[in-house]
Amino acid sequence: MADLLRGGQFLVRETKCEDVFTPEDFTEEQKMMKEAVMEFNDREIMPHKARFEAKDYALTQEVMGKAGELGFLGVSVPEAYGGLGMGFVSTMLTCDYISSGTGSFSTAFGAHTGIGTMPITLYGTEAQKQKYVPKLATGEWFGSYCLTEPGAGSDANSGKTTATLSEDGTHYKLNGQKMWISNAGFCNLMIVFARIEDDKNITGFIVEYDKENNNGIILGEEEHKLGIRASSTRQVFYNDTIVPIENMLSARGNGFKIAMNALNIGRIKLAAACLDSQRRITSIAINYANERKQFKTSISEFGAIKMKLAEMATNAYVGESASYRAAKNIEDRIALREAEGNTHQEAELKGVEEYAIECSILKVAVSEDVQTCADEGIQIFGGMGFSEETPMESAWRDARIARIYEGTNEINRLLSVGMLVKKAMKGHVDLLNPAMAVGEELLGIPSFDTPDYSELFAEEKEMIAKLKKVFLMVAGSAIQKFGPELEQHQQLLTAASNILIETYMAESAILRTEKNAKRFGKDSQKEQIAMTQLYLYNAVDIIIKNAKEGIVSFAEGDEQRMMLMGLKRFTKYANQPNVIGLRNMIAEKLKAENKYCF
């Protein structure tokens with residue numbers, strides 16, 4: 001923990017493989033939790049897939065209740081409030097393996113445990129936590145999170161719902177409309193955001209909901225959606241809804257901060273919720289490709305199919321590597337703050353907030369990978385993939401929402417770079433000196449020495465260091481050029497974000513594989529080494545495209561030529577990997593195991 005980097009510092013400091021956490025580091029307790037959650041998924045969710053697809057909302061509520069009885073809804077809730085009090089990695093692991101059966105249950109689970117319960121455990125008073133959290137942790141009650149409005153989506157702080165204090169000062173009256181509210185149809189409690197008078201920022205409230213005595217709360221009809229069909233999603237209308245003053249969550253005007261921090265947790269958990277879906281989709285695709293014969297040959301023998309399978313497995317492996325790396329960083333930061341005397345509440349809040357950049361990176365990367373995975377899964381099944389009789393069709397529909405909720409991927413791309421720049425200005429991440437060093441390097445004469453690449457990943461790690469220089473070159477020059485107006489250049493920020501995302505994901509895979517090769521032997525990690533090299537190769541291509549796009553958008557003449565030459569220097573391989581060979585090696589392993597096996 002001594003070498004624990006702050007959020008965003010991965011960009012300017014080297015991480016040793018010994019300092020990252022990988023799924024191979026799960027404790028016995030975590031392995032048991034994983035087995036229990038997988039068994040629950042296989043027993044309670046997978047056999048009823050057709051009912052979920054037929055919009056059986058009652059089934060979602062019933063299975064949520066069973067998850068509560070087994071403690072899965074309270075994994076991260078402190079024991080004092082009826083939870084299991086487990087660490088952040090165990091929370092991620094539960095979310096990961098419980099989410100692969102259907103997006104409907106995954107959404108209900110995520111909305112309840114993340115944004116439905118966490119705001120109270122993180123911001124609630126002792127009385128609020130004692131009153132509500134045990135009911136939420138055990139599944140006696142279900143929670144929902146009411147932020148979005150018809151005119152307030154990504155701009156969450158612009159909501160029009162009002163909270164008016166009564167003349168006797170005992171309660172507030174809420175009036176307004178919320179939309180896209182997950183779990184609305186069966187929730188007992190709502191975290192509602194409203195504006196008091198002309199406050200600059202919204203305020204959070206804990207609102208009880210009882211169908212019999214609805215307290216001015218009216219639910220719209222269930223939304224009919226592309227995917228997550230049995231996830232209850234409704235509009236909620238408040239008409240003079242009475243909320244006692246003691247149900248204000250945190251301080252007046254603190255709602256926007258609550259909303260953003262709840263979403264940070266939601267983002268990394270959403271990444272986790274997309275992981276086992278990728279493993280499962282990949283396994284189903286391999287199984288089908290091995291069985292399906294065309295031209296008297298299993299289609300898994302064809303290079304075009306091998307390519308798809310290898311890329312699907314690679315993205316799943318890398319997403320998993322990065323997600324658990326960040327989860328353990330958060331867990332360690334929480335422990336560090338508790339050791340310094342913070343309450344658990346403060347420590348968890350600050351621990352997650354510290355890694356908000358990584359949370360946004362993971363949300364974008366993994367949500368896009370799960371969609372690609374499902375899309376390629378349909379393609380491998382061919383015409384059958386388009387049929388509701390096969391699982392690929394619903395997987396593709398369910399995956400689509402992941403790029404939208406918890407903040408759209410466009411917003412999260414802008415946020416990741418924006419938050420990094422803010423951290424630099426606060427002195428939490430030194431971007432200025434490394435960026436200046438890159439500028440000087442561009443003016444200098446490149447070294448023509450032949451490096452020693454005999455160590456495993458020596459060249460790949462050098463490439464990661466160079467990719468970080470690409471980001472510093474592009475982002476550093478852009479900050480100099482535009483200053484505070486940089487946030488108006490969204491396409492440039494998006495390009496910079498793509499460089500940041502690919503660098504973090506590729507580095508995470510290298511560190512995991514290097515750590516495992518050192519302790520288990522290189523031979524045991526042959527395919528993992530291949531996946532790591534394949535991902536890095538793809539990442540370099542994405543980074544070249546985005547860096548070029550960014551550079552030519554703001555640099556001209558000699559400056560542009562110098563930066564483009566720098567880009568070429570920073571993305572050049574000494575030993576170009578045989579990409580087709582790597583894909584074939586990965587695909588052969590998958591074929592032999594007949595499942596995702598990493």
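Predicted model: local features only at pLDDT ≥ 70, side-chain atom pairs only at ≥ 80, totals over all residues.

From Ile245 we can move on to two other residues and then to the protein as a whole.

**Around Ile245**
- You will find Ile245 in the loop that runs between strand S7 (233-244) and strand S8 (248-249).
- One of its contacts, Gly169, lies 76 residues away in sequence, yet the two C-alpha atoms are 7.7 Å apart in space.

**Around Thr282**
- Thr282 sits in helix H9, which covers residues 275-291.
- With a relative accessible area of 0%, Thr282 is buried, because buried means under 20%.
- Which residues does Thr282 meet, beyond its neighbours within four places in sequence? They are Met312, Ala313, Cys373 and Tyr596.

**Around Gln533**
- Helix H18 (residues 526-554) is the place to look for Gln533.
- Leaving out residues up to four places away in sequence, Gln533 touches Phe457, Glu460 and Leu582.
- Gln533 and Thr314 are 219 residues apart along the chain, while 9.6 Å separate their C-alpha atoms.

**The overall fold**
- The protein has 20 helices and 10 strands.
- Among contacts between residues at least 6 apart in sequence, 78% join residues at least 24 apart.
- Two domains are assigned: domain 1 spans 143-253 and domain 2 spans 430-593.
- Taken over C-alpha atoms, the centres of domain 1 and domain 2 are 44 Å apart.

**Size and surface**
- How does the radius of gyration fit a compact globule? For 598 residues such a globule would have a value near 25 Å, and the protein has 24 Å, so the two agree.
- Along the principal axes, the C-alpha atoms fill a box of roughly 80 × 60 × 45 Å.
- Of the 598 residues, 58% are buried.
- The accessible surface comes to about 25,000 Å², and 52% of that surface belongs to carbon and sulfur atoms.

**Charges**
- The protein carries 67 positive and 82 negative charges, and the mean positions of these two groups are 3 Å apart.

Methods:
Residues numbered from 1 in each chain as written. Heavy atoms only, no water. Helix = DSSP H or I, 4+ residues; strand = E, 2+ residues; numbered from the N terminus. Rg over C-alpha atoms; globule rule 2.2 N^0.38 Å. Buried < 20%, exposed > 50% of the residue type's maximum accessible area, 1.4 Å probe, protein only. Contact = heavy atoms within 4.5 Å. Areas by Shrake-Rupley, 256 points an atom, 1.4 Å probe, with all protein chains shown as cover. Lys, Arg positive; Asp, Glu negative; His and termini not counted. Charge placed at Lys NZ, Arg CZ, Asp CG, Glu CD. Domains from an automatic or database assignment.
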